[in-house]
Amino acid sequence: MDLTEFANKLRQAAEEITAQRQTECARIANDAAQAVRIRVETDQTTAEGGSFGTYSRAVVPRWMYYGRSASGGAENTIKAGPWFQSYADLRAANNLNNDEIDFKFTGQLWDETGVTSIKDDGEKCTASIGGQTAYSAELLGYHNARFGNILELSEIEENKIYDAHRERITNIINKYLL
């Protein structure tokens, strides 16, 4: 391969990378949202490895939980249970983790969390992740005020996402130069 051919192939690789910039930006952001979701739901840990805490064991009159269950059976369990119950009791009645906080009840928060915007100024592309609906944005706002940024990536997650991005870019370059 002579210098002119090398330059043309390098230009083609750069053009493909530029053409895919917004798609790649969204992919990175979606990878980030998924990595956080898996860590929070599975390990119930913050980006620093700490705990978000435990679900409240403070009791209130059971009628405060009426209509909040995910199924009729769980609703009946609450109604037939003790007069005073906690949020942890509500979660247990719904067959959910009732110890370490995982921000999951119906799954709607995590299902509606992802890319909310992409900004491309020609030199860099930036994606934002957050609540994709008014409801999930409201929940994230409430949780972030109480627990800090729950969507923050851990260093391990950042490195894995960076490595995957670098591999995709390297594959494009190799496609033209090898």
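1. Let's start inside: Asp 102 counts as buried, at 7% relative accessibility. Buried means under 20% relative accessible area, exposed means over 50%, and partly exposed is in between (1.4 Å probe, protein chains only). Keep in mind that this is a predicted model, where local features need pLDDT of at least 70, side-chain atom pairs count only at pLDDT 80 or more, and totals for chains, interfaces and linings use all residues. Residues are numbered from 1 along each chain as its sequence is written, and side-chain values use heavy atoms, with hydrogens and water left out.

2. What does Asp 102 meet in a salt bridge? Its partner is Arg 91, at 3.1 Å from N to O. A salt bridge here is a side-chain nitrogen of Lys or Arg within 4 Å of a carboxyl oxygen of Asp or Glu. The pair links distant parts of the chain, 11 residues apart: Arg 91 sits in helix 4 (residues 87–93), Asp 102 in the loop between helix 4 and helix 5 (108–111). Helices (H or I, at least four residues) and strands (E, at least two) are DSSP runs, numbered from the N terminus. Arg 91 is buried too, at 1% relative accessibility.

3. By that rule, the salt bridges come to 12. One of them joins Asp 120 and Arg 21, again at 3.1 Å, N to O. Asp 120 is in strand 3 (residues 113–120) and Arg 21 in helix 2 (residues 21–43), so this pair ties together parts that are 99 residues apart in sequence.

4. For a local contrast, look at Lys 79 and Glu 75, whose closest N and O atoms are 3.9 Å apart in their salt bridge. Both lie in helix 3, 4 residues apart, about one turn of the helix. Lys 79 is partly exposed at 40%, while Glu 75 is buried at 12%.

5. Now the cysteines. How many disulfides are there? The count is 0, a disulfide being a pair of cysteine sulfur atoms within 2.5 Å. The sulfur of Cys 25 has its closest cysteine sulfur in Cys 125, 3.3 Å away, which is too far for a bond. Cys 25 is buried, at 10% relative accessibility, and Cys 125 is buried at 19%.

6. Finally, one tryptophan and one glutamate. Trp 83 lies in the loop between helix 3 (72–80) and strand 2 (84–86) and is partly exposed, at 47% relative accessibility. Glu 155, found in helix 7 (residues 155–177), counts as exposed at 60%.
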